[in-house]
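Please look through the sequence and the 3D structure shown here before reading the notes below them.

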Amino acid sequence: MLNWITRGVRLSRQQRWFTTEVSKGFVGAVGNTPLILLKTLSERTGCTILGKAEFQNPGGSVKDRAALGIIRDAEENGRLKPGGTVIEGTAGNTGIGLAHICRAKGYKCVIYMPDTQSQEKIDLLKMLGADVRPVPAVAYENPRNYNHQARDYAETVPNSVWTDQFDNTANAYAHYTSTGPEIWEQTNGNLDGFICSTGTGGTLAGVGRYLREKSNGKVQVWLADPPGSVLYSYLTSGGKLFERTGSSITEGIGQGRITNNLGTEVKYLSGGLHIADEKSIAMLYDILDTEGLYLGASSALNVVAAVELAQKLGKGSTVVTVLCDGAYRYQSRLFSKKWLQSKGLLEAIPGHLIKYAVLD
Ligand SMILES: Cc1ncc(COP(=O)(O)O)c(C=O)c1O
């Protein structure tokens with residue numbers, strides 16, 4: 001290493017730490033994300049804890065895969081033609097993924113969202129060229145809900161598609177054909193468990209089904225659930241209860257119903273873990289301190305769940321989870337002492353990690 005500038009070097013294959021393939025545009029850069037060994041947590045547990053680095057997708061989240069899968073499906077079955085319009089009701093990462101892909105493929109993009117969302121989110125979507133339509137935040141049962149408005153508007157626009165991320169199973173299929181096979185290859189099939197939380201359920205169902213089938217049922221697939229979601233009670237009551245208790249600071253996850261994306265896989269799940277926000281926020285700071293990973297709250301929750309599942313499966317087990325996005329989109333909250341205090345979460349952060357809460 002010392003005088004490589006003056007002496008010159010010849011790199012062996014092992015010394016290279018980059019891939020050399022050219023990706024075709026934004027779309028070609030989606031997927032093929034690293035699988036990261038979380039060293040400290042693995043050492044602490046005596047297990048192998050692995051995180052699929054979905055924050056490295058070009059739009060910054062796991063939802064780039066779903067957005068691309070849904071758009072490809074609409075193109076393939078002739079519902080979306082050149083110059084068409086993509087319409088979705090979303091407050092988050094799916095809209096960002098769709099907006100990027102629409103620019104890359106020359107489609108118009110219309111996003112309906114509740115008017116309670118932050119100005120940053122609205123501005124980002126606008127910067128990506130989307131036509132953003134904030135509408136009053138009303139319950140799903142109300143026909144003026146942002147999802148229904150997106151669907152209704154799409155019916156009036158020729159050559160348009162309502163992408164319907166919750167119930168359009170092209171979403172889970174994108175994970176079945178990309179994220180799942182990538183994890184299988186990256187681990188050489190040596191894994192015992194996969195666990196993640198769900199919004200649409202696309203990631204859990206798509207990856208879960210692939211790993212379940214490929215391993216002949218050897219890989220256990222588990223659900224991680226935040227407070228305020230009904231899925232944990234549904235699973236643990238054998239499908240009898242839909243209990244929604246509490247609320248969560250996590251964004252993009254938690255569900256009040258069984259979506260079409262989750263529907264076919266839910267009966268194969270080995271179990272569920274309920275993860276309190278106190279544990280998620282402590283992990284968010286811990287993993288920043290020990291691994292240098294700057295993760296959003298759903299990723300932190302997933303990592304807590306992966307550790308708990310590994311402990312259940314026993315020493316030496318290997319568990320994979322999903323690192324959905326980075327903290328960048330939430331930093332004004334997650335690193336603000338005042339905001340954490342208002343949520344009763346400041347005390348949950350261990351004393352030696354509080355130095356990372358740099359915002360007042
Ligand atoms: C930050 C974040 N984490 C997790 C998820 C859940 O992914 P899925 O919709 O595949 O269940 C989402 C979905 O929008 C998300 O935005």
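Predicted model: local features only at pLDDT ≥ 70, side-chain atom pairs only at ≥ 80, totals over all residues.

Residues are numbered from 1 along each chain as its sequence is written.

**Overall build**

- The protein has 15 helices and ten strands, where helices (H or I, at least four residues) and strands (E, at least two) are DSSP runs numbered from the N terminus.
- The radius of gyration of the protein is 21 Å, close to the 21 Å that the globule rule gives for 360 residues, so the protein is as compact as a globular protein of that length; this radius is taken over C-alpha atoms, and the globule rule is 2.2 Å times the number of residues to the power 0.38.
- Along the principal axes, the C-alpha atoms of the protein fill a box of roughly 65 × 55 × 50 Å.

**Around the ligand**

- The ligand is surrounded by 19 residues, of which the closest are G199, T200, T203, G252 and C324; a residue is near a molecule if its C-beta atom, placed from the backbone, lies within 6 Å of it.
- Helices α5 (93-105) and α9 (202-214) each supply at least two residues of this shell.
- By class, the shell has three nonpolar, 13 polar and three charged residues, with Ala, Val, Leu, Ile, Met, Phe, Trp, Tyr, Cys and Pro counted as nonpolar, Asp, Glu, Lys and Arg as charged, and the others, Gly among them, as polar.

**Helix α4 against α5**

- The axes of α4 (residues 63-76) and α5 come within 8 Å and cross at roughly 50°; axes are lines fitted to C-alpha atoms, for helices over the stretch in contact, and angles run from 0 to 180 degrees between N-to-C directions.
- The two helices α4 and α5 are therefore oblique to each other, given that angles under 35 degrees count as roughly parallel, over 145 as roughly antiparallel, 65 to 115 as roughly perpendicular and the rest as oblique.
- Residues in this contact include A66, L68 and I71 of α4 and G97, L98 and I101 of α5, two residues being in contact if their C-beta atoms, placed from the backbone, lie within 7 Å.
- The contact of α4 with α5 has six nonpolar, three polar and three charged residues.

**Helix α8 against α9**

- The axes of α8 (residues 170-186) and α9 come within 7 Å and cross at roughly 50°, and α8 and α9 are therefore oblique to each other.
- Among the residues that meet here are Y173, Y176 and W184 in α8 and V207, Y210 and L211 in α9.
- This contact of α8 with α9 divides into eleven nonpolar, seven polar and two charged residues.

**Helix α4 against α8**

- The axes of α4 and α8 come within 8 Å and cross at roughly 110°, and α4 and α8 are therefore roughly perpendicular to each other.
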